[in-house]
Each structure stands twice: as structure tokens, then as C-alpha cells.
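Please look over the sequence and the model below, then read the points grouped by topic.

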Amino acid sequence: MKGPLCILTAALLIAAVCGAKDASSSYLLTGHSTPLGGSLAHQFFNLASQHATLQNGSQLVRTYEDRTYNDEQCDQDINRIRDAIDNLEEWALEFPDTWGRLPMGLFWGHSISMGQYEECVAATSTYGDEIRGQYCLARLNITQFYDSVKKRGEEFNRISYKQSKPEIFELGICVPKTCSAEKSDALLKYVFAHFYGEDVIDLTFDMVTETRCKYDAPIELRGIDIFAIVFFSLIVFFMVSASVYDYIQTRNGAPKKPLLLAFSVLNNAPKIFNVKKVNNPNVIHCLNGLRCFSMMWVVFGHGYMTFYDLPHINKNAFYTWVQTPYSMLVQNGSLCVDTFFFMSGLLMCWGAFREMERTKGKLNIPMMYFHRYIRLTPVVAVVVLYIMSLYKYSGAGPMWFKLGIQDQRCADTWWATLLYVQNYAFPYSICISQSWYLAVDTQLYFLSPLFLIPLWKWGKKALYPIVIFLVLCLGCTFATFMYNDFTLFRVQDDHVDLRQRLTYYPTHTRIPTWLIGVIFGYFLFTRNRGRQIPMTKPLVLAGWTVAFGTMLACMWGPYWRILPDTPDSPLIEGAFFEPLSRTSWALSIGWIVWACYNGHGGLINDFLSWSFFTGFSRLTYCMYVIHRIVQLVNAARLQTDTHFSNYDAILRWWHDFGITLTASIFATLAFEAPILGIEKAIFGRGSPAPKPAAKKPTPGELARTAPEAVSEPVNGAPAAADSPAEETEKKPVEETKTEASVENPSRV
């Protein structure tokens, strides 16, 4: 008996184990196991149904913009979804399947779980009245939970000074589209109260809002959308038609009408990509390289700004990244702004003096202003039009709720952008965020006759009041820092927005570096044009050493102050560093330009004057205006988590840069070059004026008369509509239209 009994017992145990295994497998696969049935997403529909029963069916109908919600229908839809989930129907399981999961990597700064946006908005019932999914990005206040966590000891110093405890956790949820934000918010709070009580989540905080909910709905084009589509279609039509006309006339050897060639790709493209280099004293070739590298620095710095806002699973790595020497390329990246302001002042003075030399010291100021506006504005206006119309259709998803808000910024501020007063009128909500530079540069251009005419008439005597004014503007920046307690580093500042408005965007804080460029331009034109000033090798070596040393000090000098074991800098240190670093950087760039122009640049001049940069520099203006919107669209379209590292940031920089470059080629051919062609056809710009006879010595007459035909614009501007020789001659004042800049890398 003992043997059969043992065998029977063993058989029962095996059967029980196998049965349990089968039951467990079935249980896991049915959707009723802990990972599914016990999850918040599944329990939401069970508990929401109970909530509807307790409320006895509310019949409130709500409207928001073009959406209509019905609370009673919402309750019915939730009940149907719950029943279908219990019946394991796939369409219903998609609703909880798309939800984000609760915190993963929260203590490393990952405070968002987006879920599956596309699956949610595509979810729909397969029978009966249609039920469609609506995605919402809920915001949960987790301050209470995080306050209850027992923190690490103070000796743990992995994260630097600026880390703050997480307050908001963002969770992607999927509900029927008949549920309003208020209804969804009430249901979500009921579910959290059931699971966690009021000790973990702040239930008084609005979790779900209309602005962060979206469902799939037919596109209804607005008037401005239709206008934009028609406008862009007409531009493409003009480009094709003009190119066909150009081709036919060329093939037949027939004359061409300049106005009909304005949009011709065959006519405009060679002017962009022609990189033939001809030696001429009216051309400062090294500026092309400086402009191109500065433009790449612009995209690089702004790329890190956008990269920081992405849903990184290790977001707290940023706080150790800012303590690395590499990060100073971004934290002090705003120095390239001063490169552009310096070049702007230099080239504006040089071009104006060339014009005044031909016109007996006179400037056609109204035409000068008109030409400036007509050159800058078309591309800016097109980008504004795109943002206010088709931008909203460029992407969707959870990150779009957070980053895809440029159209909202433009709604009330677009006019200030087109008038170039946005840096003063709306410093906190600039339509094209980086266009503050265009505003400052344009305002300086409009003020330029106040400096140019005295310099032309009185020469060095006019330098004294200009230098005094420069020093006063430096003192203004110093005083602003001291009065408002601004710190050395922007990432340390608790008043970044105010700092931007008072010291970064204003024209009066940018005048010093621009005036340094004007002064350099004055001496280059009156003392240096058409000849090279010899220097001994020791002096040349000393000049390069001081220039590079100064630039390194401006870039990495304050690095030690940002290390966690270093005491914070006194306020006066930041107040001195901000204005003096800008001017020191401009002076160093001035040495580079002077040395290269006078033949003391060696390999540096050869590289910066490389013909490749000539074509590239003609695209930099469009790249500057376009690149930020490309970065924001690419970032806002993300629907998955990312990883913070320099390698990942550089990968994003490359694809942002590539898309920007491609879009800039199109924008140059479609808008910038045609406008210049139309202006030339209408106003006849480019016909040389008779050379005047000088009545008395002036600073302009101290320079040799240079040959009239040149290979590039004096300013190296990316003007695509005129040949290089024509471009230099046609401008009343040579402005640097391509001067792009980088806004504060610590601030969008």
C-alpha cells in the first residue's frame, strides 16, 4: 500500500503543479493579472464606472473651442469599455494599454511617462455607437510623496547645486473623447484617492486640462491656413515658371527680362554656390569662415537648450554636465553674439564709407533704411506666416503640448517681430525667439548715421565721444547686474527671465561690441584698405597669443566658479565679467580680422578664407531665421523617452543642422534671392554712380580707390540674387544681413 500511495501522492502533486502553471499562464495572458488587471489604467475604468453610478449620471454638456463634451455619454462610454475589457475585446484593451506607467527613473529626474499617443487617438469601438480615444497628458503633483522619501545623506554630491525636488509627474492617459477635461480630472482624482488616499497625490491640483488633451478629428482649415497654402503654392509655381522661361530663353539665345528671372532657380542657384575667389582689397575673405563657424555654434547652443527639455530617463545628468569644461561651450556660447555684432559694425562702417566716398559724403538714408528692411523681412515674414498657420499641423503628441506652442507666442506679438521692436515690446514672448538679434541689429543700423556721418566729417575727433558713449553703455550693464543681484552664470540665476530682458535683449547693452566693430571698420578703411601693414614675427606671435588667450579666458576663465566645491562668486565679479568679456571677445575677433587682412594669418587665414565657406555663408541668414523652428518641431514630435549625453546631443545637432541647411537653400531660392532680383529690376540698383571729385580731404579719401569689380560682397553676406560684383556695388550701405546669433544657451 505504501508504494501505490506514494505514487498517487506524487501524481496529485504533479497535476496540481501543472494545473497551477496552466492557470498562472492563463491568468497572466487574460489581462486580469497584476501587471494588467491590477494596474492603474485597468482599474481606472472599473472605478470610473462606480463613480458614475454614485453620481447618478450627470448630463452636463461642455464645450471648449471646437470640441463638445457630454458627461452622460462619457459615463456610458466608460461602462462599455469596462465591459469590453472584461470580455477581452481588443479594441477596448487598447484604451488602458496606451496609458503611461507610474514613475520609472523618478529619482534620476525622469518625471514623465507618455504612454502611446498614436494608439490612443486611433482607438475606436468595433460595434455599436462609436467610441474614440482621447489622449491627455495629466499632471500629478507628487510633492507630498517626495517629501516623505528619506533622502540620501548630505555627503552624496553627485548632483550639483541646482537640482530641485520633482513636483510634477506627467502621465499619459486615454479616455473616451466624449469626456471633458473636467470630467476626466474628477475621475482620475477619484481613482487616485481610492488607491492612495490623499497622502501621495495632491488632489486639489488640476491634473487634466483642455490644453493637454487631443483626439483625432478632421482638419478644418482656417482662413490663414488657406492663405498660407495658396501663398506657398504660388511661390513654387513662380519658381518653376521662371526657371522654364530662363531655360527657353537661354536655349534660344533670346534676351531675358530681369523681372521675369527673379524666381528662376537656374539664375539664382549659381549665385549661391559659386565659390570662385578673387583677390580684392574690398573683400575681407576671413569673415566667411567666422560667420559659418559662428552659425554652427548658434545651432549647437540652441540645440542643447532644446535637448534639455526632452523626456530624458536620466535628466538629472544635466546637473553634473554643467560642471564639465565641455559645457562652457554652451554656457558661454552667447559670445558668438558678440562676433556677429562686431562684424555688423565693421562691415556697416566699411560699406557706408565706400558709398560716401562715391557721393561726396552723402547717404541716401531713406533708401538705405528701405533696402535694409526689404532684405531682412521677407524670410522673417514667411517664418511668421508658417508659425501662425501650418505649424500646428507639423506634429502632435505629448511633447507637442509642452514644446509646440510657438503659434501661441506669435498670436499677439507677430507685428513687433515684423517691425523689429520685439526685444523691447515683448521680451518674454518673442514670436521667433532668436529674432531678438535681428531687432537689435536693425535698431543699430537705423542709429548708424549718428556715428557714420561724424566719423566721415571729423575723423579721429569723432572717436572721443564714441568711446565715451561705449564706456557709458558698459557701465549701464555693470549697474544693472549690481542693482538686480544677477549672478556670474545664467544657470545659477534665480531671475533668468528678468536678466534676459534687462541685459541680454536690449540694444543699449549690445552697443559696445558693435561700436568696436565700427571703430575697426573706420581704421581698416581709412588706414589699411588696399595695402598690408607689415609686422615683425615676434609682434605677430604676441598678437595671436594675446587674442587666443583672451578668448580662452572669456570662454573657460570662470569655469572654476561653477564647480560644487567652489564658493559662489561675489556679485561684482559677474557685473564686471558680463560687459568686459563681451568687449574683450570683440577685440580678439578684431585682431583675427586685422591679422588675416594684412597677411599675418597664415594657416588660420587660409582656412577661414576657404572658398567652401563662401557659398555656405550666403545661406547663414536663412539658417539663422529657420533653425530654431526646425529644432522645436523635431523635439515636439517626440513620443518616446530619450537619453541625456553629449553623444546624443551631437546626433540631434547633425540632423537639425542638415534639415535647417536644406530648408535654408529652399528659402534662399524662394524668398531672399527673388526679392533682391525684384528690387534690382524695379529700382535699377547696381548701376555704378559717377566717381566724384573730392573737394577736401576726408577719411574716405585717405584710402586708395579700390577696383570696382569684386568677387564677393564686402560683408560676405549670403545674398543670392545678385552676382558678387553687382552685390557690392548696388548697396548704399553694406550691412551684414546674415549676422545670426545665439540667444542665451541656458534659456529658450
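A residue is called buried when its relative accessible area is under 20%. Cys349, at 0% relative accessibility, therefore counts as buried. The model discussed here is predicted.

**Overall make-up**

- The secondary structure consists of 29 helices and 6 strands.
- The protein has 748 residues, and 54% of them count as buried.
- When contacts between residues at least 6 apart in sequence are considered, 80% of them join residues at least 24 apart.

**Nonpolar cores**

- In soluble globular proteins, nonpolar side chains tend to be buried together.
- The largest nonpolar core holds 179 residues, and Leu140, Leu188 and Val593 touch the most other members.
- Helix H13 (residues 335-358) gives this core its largest share, 15 residues.
- Another core, of 5 residues, lies apart from it and includes Met328, Leu488, Tyr559 and Ile562.
- Leaving aside residues up to four places away in sequence, Val593 touches Ile284, Cys286, Leu287, Leu290, Phe342, Leu346 and Leu524.

**Disulfides**

- The whole structure contains 4 disulfides.
- Counting bonded cysteines along the chain, the disulfides follow the pattern 1-5, 2-4, 3-6, 7-8.
- Cys120 is joined to Cys174 by a disulfide with an S to S distance of 2.2 Å, and the link is right-handed, with 90° about the S-S bond.
- This pair connects distant parts of the chain, 54 residues apart, with Cys120 in helix H5 (residues 117-122) and Cys174 in strand E5.
- Both Cys120 and Cys174 are buried.
- A disulfide also joins Cys410 to Cys431, at 1.8 Å from S to S; the torsion about its S-S bond is about 85°, so the disulfide is right-handed.
- Cys410 belongs to helix H16 (residues 406-419) and Cys431 to the loop between helix H17 (422-425) and helix H18 (436-447), so that distant parts of the chain, 21 residues apart, are linked.
- Cys410 counts as buried at 0% relative accessibility, and Cys431 counts as buried at 0% as well.

- Cys476 is in no disulfide, and the nearest cysteine sulfur, that of Cys473, is 6.8 Å away.
- Cys476 counts as partly exposed, at 31% relative accessibility.

**Surface and helix H3**

- Ile219, Leu221, Ile226, Ile229, Val230, Leu234, Phe237, Phe238 and Tyr393 make a nonpolar surface patch of about 810 Å².
- Ile219 sits in the loop between strand E6 (213-215) and helix H8 (223-252), and its relative accessible area of 61% makes it exposed.
- Gln76 is placed in helix H3 (residues 71-86) and counts as partly exposed, at 38% relative accessibility.
- Gln76 and Ile131 are 55 residues apart in sequence, and their C-alpha atoms are 9.9 Å apart in space.

Key
Residues numbered from 1 in each chain as written. Predicted model: local features only at pLDDT ≥ 70, side-chain atom pairs only at ≥ 80, totals over all residues. Heavy atoms only, no water. Patch = residues over 30% accessible without salt bridge, like charges linked within 9 Å, V, L, I, M, F, W, Y side chains within 5 Å. Areas by Shrake-Rupley, 256 points an atom, 1.4 Å probe, with all protein chains shown as cover. Salt bridge = Lys/Arg side-chain N within 4 Å of Asp/Glu carboxyl O. Helix = DSSP H or I, 4+ residues; strand = E, 2+ residues; numbered from the N terminus. Buried < 20%, exposed > 50% of the residue type's maximum accessible area, 1.4 Å probe, protein only. Contact = heavy atoms within 4.5 Å. Core = buried A, V, L, I, M, F, W, Y, C linked by side-chain atoms within 4.5 Å. Disulfide = S-S within 2.5 Å.
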